[in-house]
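Here are my notes for someone opening this one for the first time. Have the viewer ready and go through the points in order.

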Amino acid sequence: MEEMKLEVVLSAANVKAAWRRVKRNKGAPGVDRKTISDTKEHLKQHGRIIYDKLLAGEYKPAAVREVEIPKANGGIRKLGIPTVQDRLIQQALQQVLSGIFEPTMSNHSYGFRRHRSQHDAVAAAQEYVKQGKTWVVDIDLKSFFDQVPHDKLMHMISQKVRDKRILKLIGGYLRAPIRHKDGTQDKRSKGTPQGGPLSPLLANIYLGPLDQELESRGIAFVRYADDVALFLRSQRSAERVLESIKAWLTKHLKLEVNEDKSGVGPSGGSQLLGFRIHETGETSIAPKSIKKLKDRVRELWDARQSKSSVELRKQWRSFIRGWWNYFKFADLSYNVQDISGWIRRHIRKCFWQRWHNKAGRYNALQRLGINGRGLLVAGSKKGAWPTATHVALHQALSNKTLSNYGFIIPWALSGK
């Protein structure tokens, strides 16, 4: 059994490293409404008292603030945001606990682990498909982060952690109540709410037995947090494995599989972490990812935003560069190339609307080098969307002009 003491978690070096991580991650305040700078001042004044309470096993975590994030499918993902102070303590715990549990984790697990990424998971899946394992079992764990039984999770942790103060502290974070927008609070007896630094590690610890079970059966798989994909050679074996694993999860981990989002199909018809893996082993950007991109484009180029052109550009560049940095991993980019013109049309539409009226549009077109009959479009009675295809607007806001002003399409620049 590994030796782990709370004094190690609270050592100056570990806490400083945890603070750097919390500060770098930024994030919203918790129920106390203290920002990172507020918390820094609070710790300067009360840090010793907090430290002594932690060592004595008397520290009580604050409630977590509930935040609702819209899902792409129209649902809601609920996050629990701890206070900055509790995020610091959780991060300090996470750094030491990771050193204890990381060596025992499966090579098939990629989520929230150092030197492992979503791209690594997709690359591993590609190799399975290239080996002929082209039937995929997608397993979606129903409300996983809300359903983890605390007693079973704590038992798993106690197998490697003896210090009762640490176990009590982790238990306190698991049971910390959720505070809703209306100020009411709910006690928790299960679940590891997303939003704190400990949650991803606890998820990996809890799903470790699933990894071991799949390995013992010789099944090729990748797991990224609660996103699990199994790769088999035939439809029949895939269907058999799905039923068997569903029963195993219910019996051994007390977890329910989401029937609507789980199933069996050829690899080219499923998606993993935003990518589609074709039977050839090549990857493309999944249709759902393209749909989410298009939804975001509509939001970012909504002319009703009270932002300057500079702010619109900054917002767009920040989003699209991050999006492309992730999805340029795909071998095939035909479906994103196909919507380049559609995206530019939204940009042109936005600017047309922001020029407001005939006079504003006339002046803007002139500034952009349009003259003669081309200026007649300023008086167009057509809507903004059809006008965005007009030849004069294409000349004024050409692909080159948009790019020069920083309204970029990264895959067009890269030539991929």
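1. Start at Arg 296, which is partly exposed in this predicted model, with a relative accessible area of 33%. Its salt-bridge partner is Glu 299, and the closest N and O atoms of the two are 2.8 Å apart. Both residues sit in helix α11, three residues apart, or about one turn of the helix. Glu 299 counts as partly exposed too, at 46% relative accessibility.

2. Are the two partners buried or exposed? Glu 243 is partly exposed at 46% relative accessibility, whereas Lys 246, at 16%, falls under the 20% cut-off and so counts as buried. The count for the model comes to 16 salt bridges.

3. Next, helix α14, residues 340-354. Its 15 residues reach 22 Å from the first C-alpha to the last, close to the expected 21 Å. The helix is mostly covered, with eleven of the 15 residues buried. Among the buried ones are Trp 342, Phe 351 and Trp 352, but also Arg 344, Arg 348 and Arg 354. After the helix comes His 356, with a positive phi near 70°.

4. Arg 33 has a positive phi of about 65° without being a glycine, and its place is the loop between α2 and α3. Ala 225, also not a glycine, has a positive phi near 55° and belongs to the loop between β6 (220-224) and β7 (227-232). What about their surroundings? Arg 33 counts as exposed because its relative accessibility is 56%, while Ala 225 has 6% and so counts as buried.

5. There is an open sheet of four strands, in the order β2-β1-β4-β5, with mixed pairing. β2 (76-81) and β5 (185-186) stand at the edges with a single partner strand each, so one side of each has no neighbour in the sheet. Strand β1 (residues 64-70) runs antiparallel to β2 and is joined to it by six bridges. One place to look is Pro 70, whose bridge partner in β2 is Ile 76.

6. Finish with the second largest pocket, about 480 Å³ in volume. Of its 16 lining residues, Val 15, Lys 16, Leu 43, Gly 47 and Leu 88 lie nearest the centre. Two or more lining residues come from each of α2 (12-25), α3 (36-56) and α4 (84-101). α3 gives the largest share, seven residues. By class, the lining has eleven nonpolar, two polar and three charged residues.

Key: Residues are numbered from 1 along each chain as its sequence is written. This is a predicted model: local features need pLDDT of at least 70, side-chain atom pairs count only at pLDDT 80 or more; totals for chains, interfaces and linings use all residues. Side-chain values use heavy atoms; hydrogens and water are left out. Two strands pair if DSSP finds at least two bridges between them. On a 1 Å grid over the protein atoms alone, a cavity is a set of points where a 1.4 Å probe fits but cannot get out, and a pocket is an open set with protein on both sides within 12 Å along at least five of seven lines; lining residues have an atom within 4 Å of a point. Grid points are joined across faces, edges and corners, and a volume is the space filled by probe spheres set on the points. Ala, Val, Leu, Ile, Met, Phe, Trp, Tyr, Cys and Pro count as nonpolar, Asp, Glu, Lys and Arg as charged, and the others, Gly among them, as polar. Buried means under 20% relative accessible area, exposed over 50%, partly exposed in between (1.4 Å probe, protein chains only). The expected span of a helix is 1.5 Å times one less than its number of residues. A salt bridge is a side-chain nitrogen of Lys or Arg within 4 Å of a carboxyl oxygen of Asp or Glu.
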